[in-house]
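Reader: Could you walk me through this model with a few questions and answers?
Author: Gladly, let's look at it together.

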Amino acid sequence: MISTTRLLFLEILKDSLENIKYDSDQEITLKQWQELYHLASIHDVIPLFVHTVYSSKPLQAYPEFKALMISRAKSITLQQAQKSASFIDLYSQMKENNLHPVVMKGVLCRQLYPEPEQRPSSDEDLLISPEQIDDYHHFFLSHGFNLVIPDIDLETSDEISYENRDTHLYIEVHKYLFPPQSSAFGTLNSLFDLSQKQWSTPIYGTPILCLSPTMHLLYMIAHAYKHFLYSGIGIRQICDICLFTKTYGSQ
């Protein structure tokens, strides 16, 4: 049976998605707040959690712990805002170099939240045509990025990761939605009609090329399935899927 603290965590997270400040007259002990904060850390939703509870009555009894949470939430939010700005700038430069990757998850999911930069992303995922890998590789190297795995084989690898040495922006370049040779996931590629991928949505005023709403939602669900088989699904993935469905359901 799910614990009372975990149920409370889900209630608070639900409020965060609806931009509602959590409040209650019931007592929440310091130990419970610490457990809630630990859950927020595990699921990487500290800014969402803190933004929702910082003004709640039960938290005011623990000012030092409240200040600690707020400080950490601000730091994470600022780092994400800087990375988001770096990515949008990078994407614009890719277009100027006639490179048009399809953006998946990451920045597309963040813009669904009431306060986008409160939803952290560890990386940004790009889908490219396999035959263009050399063009992208040279572009990233000339824009301050290094290969995360220095000796990776660009031709045979399905996924290549880069990190910017100054901004620490982390990019994952995918040749396919799922590794074709994988016995567990390879067949998932057949679910997607990539001819529908020419769809764009404005992010901070910049049109971003992405999968069609139907294809992207299907990808998010299939990607969650992949995580489920490997290590389990984080609550943030469920939040992304719910918000994406709510936002683009009519499409």
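Reader: In which loop is Asn19 found?
Author: This is a predicted model, so local features need pLDDT of at least 70, side-chain atom pairs count only at pLDDT 80 or more, and totals for chains, interfaces and linings use all residues. Residues are numbered from 1 along each chain as its sequence is written, and side-chain values use heavy atoms, with hydrogens and water left out. Helices (DSSP runs of H or I, at least four residues) and strands (runs of E, at least two) are numbered from the N terminus. On that numbering, Asn19 sits in the loop between helix 1 (4–17) and helix 2 (30–42).

Reader: Is Asn19 buried or exposed, or something in between?
Author: Buried means under 20% relative accessible area, exposed over 50%, and partly exposed in between (1.4 Å probe, protein chains only). Asn19 has a relative accessibility of 46%. By that scale, Asn19 counts as partly exposed.

Reader: What is the phi of Tyr204, and where is the residue?
Author: Tyr204 is not a glycine, yet its phi is positive, at about 50 degrees. Its place is the loop between strand 6 and strand 7 (206–210).

Reader: How many disulfides does a search of the whole structure find?
Author: A disulfide is a pair of cysteine sulfur atoms within 2.5 Å. The sulfur of Cys109 is 11 Å from the closest cysteine sulfur, in Cys210, and therefore too far for a bond. For Cys242 the closest cysteine sulfur is in Cys239, at 6.7 Å, which is also too far for a bond. The search of the whole structure gives zero.

Reader: Which residues touch the most other members of the largest nonpolar core?
Author: A nonpolar core is a set of buried Ala, Val, Leu, Ile, Met, Phe, Trp, Tyr and Cys residues joined through side-chain atoms within 4.5 Å. The largest one has 40 residues, and its largest share, five residues, comes from helix 4 (residues 63–96). Apart from it lies another core of 34 residues, including Leu17 and Leu243. In the largest core, the residues that touch the most other members are Phe87, Met94, Phe140 and Ile171.

Reader: Which residue of strand 2 stands opposite Val103?
Author: Strand 1 (residues 102–104) and strand 2 pair in the antiparallel sense over three bridges. Both faces of strand 2 are covered, with Asp125 and Leu127 buried on one side and Glu124 and another residue buried on the other. The residue opposite Val103 is Leu126.

Reader: Which element gives the largest share of the lining of the largest pocket?
Author: On a 1 Å grid over the protein atoms alone, a pocket is an open set of points where a 1.4 Å probe fits, with protein on both sides within 12 Å along at least five of seven lines; lining residues have an atom within 4 Å of a point. The largest pocket is lined by 34 residues, with Lys105, Asp125, His223, His227 and Gln237 nearest its centre. Strand 5, helix 7 (213–230) and helix 8 (235–248) each give two or more residues to the lining. The largest share, six residues, comes from helix 7.

Definitions and conventions: Pairing = 2+ DSSP bridges.
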